[in-house]
Amino acid sequence: MQVRNDLIEQTNVYHLAFSQSFKFLFLLAFFMMGVGLVFCSSSEAWAKRERLPWTKAKTPSQGKAQSIGSYANGCLQGALALPSQGMGYTSIRRYRHRYFAHPNSIALVKKLGQVVQEKKLKLMEIGDLSQVRGGLMSYGHRSHQSGLDIDVWFGGDQNYLDGEAKRRLSKLKRKAKQKKWSSKKLKQMRFDVIHPSLITGWREKIDHKVWSKRHEILLRLAAEQEQVARIFVHFRIKEQMCKIYRSSEEFKTKPGPLWLRKLRPWYGHHQHFHIRLHCPSDSPECDDQGPLPKGLGCEGLTWFSKIEKKERKAAAKKAEKNREQEFAMFSHKERAKMKAERKLKRKQRAQAKAEKRATLLKRCAHLAP
Ligand SMILES: [Zn+2]
């Protein structure tokens with residue numbers, strides 16, 4: 001009997017606790033909804049939700065071609081589709097539906113393709129451009145939003161494909177069998193052999209089994225085009241181009257050849273390079289990136305290396321630890337005040353960023369699917 005009473009008692013306690021916590025949760029949810037409604041309009045989450053529908057657009061918008069906003073926060077009106085094949089180029093990975101761009105970008109691909117054909121170089125492989133109405137993609141890129149960014153795969157040359165690639169492929173086949181890779185994984189790995197990285201090893205050196213004269217010609221050719229603002233490449237590729245041209249006459253001119261200045265070191269970008277066009281003159285709502293930094297940009301390139309990145313991270317961690325130790329010496333009241341100040345600053349920064357995004361999004365609202 002006692003046991004049973006205990007059970008009843010406990011059940012009642014549970015019931016009470018449950019109903020009270022349920023009430024609390026209900027009130028909390030209601031409160032959060034209210035807070036959400038008030039604050040979401042300027043929050044990061046709102047901006048993200050508003051931007052992702054760009055992946056759902058199926059057709060280009062009506063109207064004259066216009067690049068709107070910035071490369072990493074914009075959209076595209078009246079996009080053109082890049083044909084799957086053309087003189088000197090082929091468009092790859094079309095299942096990603098990112099073969100749309102501003103007509104200036106399409107014209108540039110065609111122009112480069114023509115020169116590639118004239119020079120009897122291997123077909124240029126064009127990767128992602130933009131989505132059909134631009135905007136943020138669900139994976140893969142932050143930029144490519146306004147129809148002015150073009151990825152071109154370096155690809156291996158015939159020499160590489162006939163020799164080194166065959167060796168790598170047979171090694172891959174053996175490994176796939178051993179490790180029982182799925183056909184999807186094997187396909188991806190095969191793609192990476194045919195479109196190899198130009199970089200090898202933990203010191204991120206140029207892979208001379210892959211690097212070729214064609215890569216050099218292609219980079220220079222693209223960078224020489226007037227409408228090209230920047231080209232993003234791995235820092236070793238920039239370094240390699242600086243090395244090749246260091247003893248040339250044009251290198252000695254001030255401020256150096258513009259085309260070489262346009263090659264900008266960035267993370268990744270060792271399997272493909274990324275061409276960025278200037279804003280079209282008849283897209284008044286397009287935000288350009290601003291001028292190139294001064295100089296040729298051939299110095300201090302290892303700043304982008306994995307090794308130095310790791311060192312910076314370690315140094316920042318150490319500095320943070322020191323700050324915490326200093327912080328601990330203040331009184332409780334002072335610490336609380338400092339914490340509140342930091343929190344406020346963080347909040348203000350986030351709000352300013354979200355507002356900037358929201359303003360830009362309004363310019364694209366008429367294109368949203
Ligand atoms: Zn890119």
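**Notes on aromatic contacts and disulfides**

1. The charged end of arginine 312 is placed over the ring of tryptophan 303, at 3.7 Å from the ring's centre. A charge counts as sitting over a ring if NZ of Lys or CZ of Arg is within 6 Å of the ring centre and within 35 degrees of the ring normal. Arginine 94 likewise lies over the face of tyrosine 99, 3.7 Å from the ring centre.

2. The model is predicted: local features need pLDDT of at least 70 and side-chain atom pairs count only at pLDDT 80 or more, while totals for chains, interfaces and linings use all residues. Residues are numbered from 1 along each chain as its sequence is written, and side-chain values use heavy atoms, with hydrogens and water left out.

3. Eight aromatic pairs are present. Rings of Phe, Tyr and Trp (its six-membered ring) pair if their centres lie within 6.5 Å; planes under 30 degrees apart count as stacked, over 60 as edge-to-face and the rest as tilted. Tyrosine 267 and phenylalanine 304 form an edge-to-face pair, because their planes stand at 65°, with ring centres 5.5 Å apart. This pair links distant parts of the chain, 37 residues apart: tyrosine 267 is in the loop between β12 (263-265) and β13 (272-277), and phenylalanine 304 in the loop between β13 and α11 (306-328). Helices (H or I, at least four residues) and strands (E, at least two) are DSSP runs, numbered from the N terminus.

4. Tryptophan 303 and phenylalanine 304 are also edge-to-face, with centres 5.2 Å apart and planes at 75°. Trp266, Tyr267, Trp303 and Phe304 form one aromatic cluster. Within it, phenylalanine 304 is buried at 15% relative accessible area, whereas tryptophan 303 is partly exposed at 42%. Buried means under 20% relative accessible area, exposed over 50%, and partly exposed in between (1.4 Å probe, protein chains only).

5. There are three disulfides, a disulfide being a pair of cysteine sulfur atoms within 2.5 Å. Counting bonded cysteines along the chain, the pattern is 1-6, 2-5, 3-4.

6. Cysteine 75 is joined to cysteine 364 (S to S 2.0 Å). The disulfide is left-handed, because the torsion about its S-S bond is about -90°. It links strand β2 (residues 73-77), which holds cysteine 75, to helix α12 (residues 332-364), which holds cysteine 364, 289 residues apart. Both cysteine 75 and cysteine 364 are buried.

7. Cysteine 279 and cysteine 286, both buried, form a disulfide with sulfur atoms 1.9 Å apart.
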